[in-house]
Amino acid sequence: MLLIFPPTAKACEPPAGIARLAGALQTHNIPCRLWDANLEGQLWLLEQQPEANDTWTTRAWRSRHKHLQELREPTTCANSSRYTTAVNDLNRLLLMAAKPLQAEVGLADYRQSDLSPVRSKDLLQAAARPELNPFFPFFQQRLPGLLDGMTTVGISLNFLSQALCSFSLIGLIRQQYPNVKIALGGGLVTTWLSRPDWQNPFGDLIDHLIAGPGERPLLELLGQNTSQSGNMPGYQQLPLQQYLSPGLILPYSAASGCWWNRCSFCPERAEGNRYLPLPTSQVLAELQQLVQQYRPTLLHLLDNALSPALLQGMIEQPPGVPWYGFVRFEQQLEDPAFCHALRQSGCVMLKLGIESGDQAVLDRLHKGIRLEQAGLILENLRQAGIAVYGYLLFGTPAEDQEAARRTLAFVQQHHAAISFLNLAVFNMPLFGDEVPEYETELFYEGDLSLYTGFKHPKGWGRGEVRRFLCQEFSRPPEIAAIIRRDPPQFTSNHAALFC
Ligand code: SF4
């Protein structure tokens, strides 16, 4: 079986999904091949000389090998302007190389002016005319060797930015290898399949659509008994030295879904995804093994929220290399000694959904946190030397401008403890609990849209929120400094390397 991670997503770490699937297949002695078409595709596109000859593009083209090398050197993190130039230049090259095909390719995004990834007819169109995709010559070049001896292909489609390229690839496989079976899974497919109004528009193109963790369905598809457990991710077939990061970042998922599962705005919850954790002892043992085998610079724990048991486990059995991940404002973190112990375990950065500095808004969102507790935890983490990547959410139905100003005040008060910030404008999940309460309208015309627009009950719409963020929230120097610190394009994926 050939497992593919398609373009375009951030190529800063090996794809965890196909590595986990490879582990499961290998445990069952099923031969498989892994292809990170995202990383390879971007590296291939960076070697296609763009037609544009403006000063920026010419400089970027001349320096591309130097930039790639710099982006892979740990020392580059000590020189943020070298890092920023390398990232911006490489991003420019991707953009200009794909421009003749009306595509906008970047290190973290993919768009096509005439096709939308949230419209099934556009995805089918991408499959019908694969030659219009900028990665087409690369797909054509690589597929014969990769598909040699293979009867089934599994494609891991996680982000909207991968959708059009995935379908172009599927179209090409269908045209040139009609006997190969195609299975499509991953986060985005899980979202599609969770829609109450889902009707498969891809039945003629794709043999199997898989929702949720793919190991079991894939093994069943291949006629295997799935009772055998143990499926450590298998990264060995991936080009680990080539990822665009200053040192190897190894991703690892200890659970799918979320153990909290209560936040009203959360797509995970709206999709009804179940919380499926691996046993903590298994996670800790696998992390140790992975660290020994691959010697990463950093571990990226992918869980939506690391469980309290796992945090305790990391302290008792540290993985031996620096790590970071998402946590909630856990009670454990109110104890300064616990935060120090966490730092000792290698924790260099925690991602935290602060969302709002207004208690009433937090309560309406069912975040389950108190602001005093959040402030105390931020201070504990600062004292322990753990960086914080904070996530804020503006424009939720419960918020108004005054509440947003309280968020601004909260961030100002705790700015010394917040290293990085992500500012998001609220999107209402299309099938979330709150939808019936508001006058809704579709944002984009698309049968696969994930979100719906809505009429804000307090007139605090997206336009007002954006103006507030730009003209008021980002102005105070201490907040502007936090925003400026965010690594371009790679944002939280590289932030821990700068801590
Ligand atoms: S903690 Fe995160 S993943 Fe969990 S329910 Fe809240 S928003 Fe969703």
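Thr76 sits in the loop that joins helix H3 (55-71) to H4. The model is a predicted one. Because the relative accessibility of Thr76 is 0%, below the 20% limit, Thr76 counts as buried. Apart from neighbours within four places in sequence, the residues in contact with Thr76 are Glu70, Arg82 and Tyr83.

Asn53 belongs to another loop, the one between helix H2 (37-45) and H3. With a relative accessibility of 68%, over the 50% limit, Asn53 is classed as exposed. The C-alpha atoms of Asn53 and Met96 are 9.8 Å apart in space, while the two residues are 43 residues apart in sequence.

On the scale of the whole chain, the protein is divided into domain 1, residues 2-221, and domain 2, residues 249-498. Taken over C-alpha atoms, the centres of domain 1 and domain 2 are separated by 26 Å.

How many residues of each domain are in contact with the other? Domain 1 contributes 34 residues and domain 2 contributes 31. The size of an interface is often given as the accessible area lost when the parts come together. Between domain 1 and domain 2, about 2700 Å² is buried, and 62% of that area is on carbon and sulfur atoms.

Which polar and charged interactions link the domains? The count of salt bridges between domain 1 and domain 2 is one. Arg20 and Glu286 form a salt bridge through their side chains, with an N to O distance of 3.6 Å. Eleven residue pairs, both members at pLDDT 80 or more, are in polar contact between domain 1 and domain 2.

On the side of domain 1 that touches domain 2, at least two residues each come from helix H1 (16-27), helix H4 (80-98), helix H5 (120-128) and helix H8 (187-193). H4 supplies the largest share of this side, with six residues. Sorted by class, the side of domain 1 that touches domain 2 holds 20 nonpolar, eight polar and six charged residues.

Methods. Residues are numbered from 1 along each chain as its sequence is written. This is a predicted model: local features need pLDDT of at least 70, side-chain atom pairs count only at pLDDT 80 or more; totals for chains, interfaces and linings use all residues. Side-chain values use heavy atoms; hydrogens and water are left out. Domain bounds come from an automatic or database domain assignment. Contact means heavy atoms within 4.5 Å. Buried area is the accessible area (1.4 Å probe) that two parts lose on being put together, summed over both. A salt bridge is a side-chain nitrogen of Lys or Arg within 4 Å of a carboxyl oxygen of Asp or Glu. A polar contact is a pair of N or O atoms within 3.5 Å; within protein, one must be able to donate a hydrogen and the other to accept it, and residues adjacent in sequence count only if both atoms are side-chain atoms. Helices (H or I, at least four residues) and strands (E, at least two) are DSSP runs, numbered from the N terminus. Ala, Val, Leu, Ile, Met, Phe, Trp, Tyr, Cys and Pro count as nonpolar, Asp, Glu, Lys and Arg as charged, and the others, Gly among them, as polar. Buried means under 20% relative accessible area, exposed over 50%, partly exposed in between (1.4 Å probe, protein chains only).
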